[in-house]
Amino acid sequence: MSSVTHGQHIEAPVLTARSRDNVAVGDEIVRHRFATRLIHWSVAITFFLCVITGMPIWIPIFGWMAALVGGLEVARLIHPYTGVLFFIASLFQYFHWLPDMHFEKDQKGWFGPKLVSYLRWDQEPATEGGKYNGGQKFFFYMVNLAALGLLLSGIPMWFPLNFPPWLREVCYLVHDITFILFFCSIVAHIYLGTAAEPGTFSAMTRGTVTRRWARFHHPQWFRDVTGGDEAKRT
Ligand code: HEM
């Protein structure tokens with residue numbers, strides 16, 4: 001299926017994914033519309049800008065990263081600004097996704113047995129309702145909390161003369177620990193969104209997933225989108 005726009009052939013699912021999501025088109029289901037993908041990639045890009053400007057000013061062993069932005073002085077100068085941009089992008093992402101991120105009754109217990117079982121590939125939390133599983137929702141709240149923590153602890157380092165030394169020391173600790181935890185969870189997130197669960201990455205590039213992916217990973221969302229009728233297509 002394809003449409004012709006400005007002389008170009010654009011496949012129908014891709015065209016639909018520009019403005020709508022949670023809709024089945026042919027063999028695909030639109031999971032993230034263009035606005036969602038734009039916000040997510042703004043978060044990801046600003047996050048990596050923070051990483052490459054922050055790590056060289058943190059530990060000398062990462063000094064080589066500063067060359068990517070023109071040297072250590074440049075890294076030191078622009079890191080707070082990339083941090084503010086990252087926070088603003090995260091804020092957009094937070095409010096954009098919030099309506100989909102309320103925990104359902106059957107999504108409690110993700111901190112314990114469910115998480116272990118999920119990571120051991122025992123089973124998908126298949127019966128859960130909603131577009132996202134409990135682990136994704138937990139990750140969502142954690143990264144947003146961490147983004148706030150990084151911003152708040154970053155301000156006294158940015159304007160050191162306006163804050164007492166003890167507070168600056170606490171902020172260094174909070175900033176570093178939050179970053180380490182954040183970075184580890186982002187590595188896990190990228191792994192889950194790419195190599196570990198094939199078919200997921202296209203949700204953030206093309207905007208769509210296959211019917212098979214949706215049925216396997218989020219069966220309730222699949223039923224909601226297709227109206228429970230697998231043969232129903234738009
Ligand atoms: C290269 C880096 C990244 C890749 C490849 C990536 C990939 C993805 C993919 C494929 C999804 C869609 C999952 C789905 O539809 O079920 C997603 C969702 C999400 N991403 Fe990323 N992402 C990256 C960076 C980040 C960063 C830096 C953040 C930091 C806040 C982030 C936060 C989220 C959140 C909160 C969600 C929704 C919940 C979830 O699916 O876990 N992502 N990401």
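The structure is a predicted model, in which local features need pLDDT of at least 70, side-chain atom pairs count only at pLDDT 80 or more, and totals for chains, interfaces and linings use all residues. Residues are numbered from 1 along each chain as its sequence is written. Helices (H or I, at least four residues) and strands (E, at least two) are DSSP runs, numbered from the N terminus.

**Nonpolar cores**

- The largest nonpolar core has 11 residues, among them Ala17, Val30, Trp213, Trp221 and Phe222. Such a core is a set of buried Ala, Val, Leu, Ile, Met, Phe, Trp, Tyr and Cys residues joined through C-beta atoms within 7 Å.
- A residue is buried if 20 or more other C-beta atoms lie within 10 Å of its own, exposed if 12 or fewer, and partly exposed in between, with C-beta atoms placed from the backbone.
- At least two residues of the largest nonpolar core come from each of strand 4 (28–30), helix 8 (211–217) and helix 9 (219–226). Helix 9 supplies the largest share of this core, 3 residues.
- A second, separate core of 8 residues includes Ile39, Cys50, Phe86 and Ala89.

**Helix 3**

- Helix 3 (residues 72–97) has 26 residues and reaches 36 Å from its first C-alpha to its last. This is close to the 38 Å expected at 1.5 Å a residue, where the expected span is 1.5 Å times one less than the number of residues.
- At Ile78, helix 3 bends by about 40°, and a proline, Pro80, follows within four residues. The bend is the angle between axes fitted to the seven residues ending at a residue and the seven starting there.
- The buried residues of helix 3 include His79, Phe86 and Ala89.

- An open sheet of 3 strands has the order 3-4-5, with antiparallel pairing; two strands pair if DSSP finds at least two bridges between them.
- Strand 3 and strand 5 (208–210) stand at the edges, each with a single partner strand, so one side of each has no neighbour in the sheet.
- Strand 3 is joined to strand 4 by 3 bridges, and Val25 stands opposite Glu28 in strand 4.

**Asn22**

- Asn22 lies in the loop between helix 1 (12–16) and strand 3 (23–25).
- Although Asn22 is not a glycine, it has a positive phi of about 60°. Most residues other than glycine have a negative phi.
- Asn22 is partly exposed, with 14 other C-beta atoms within 10 Å.
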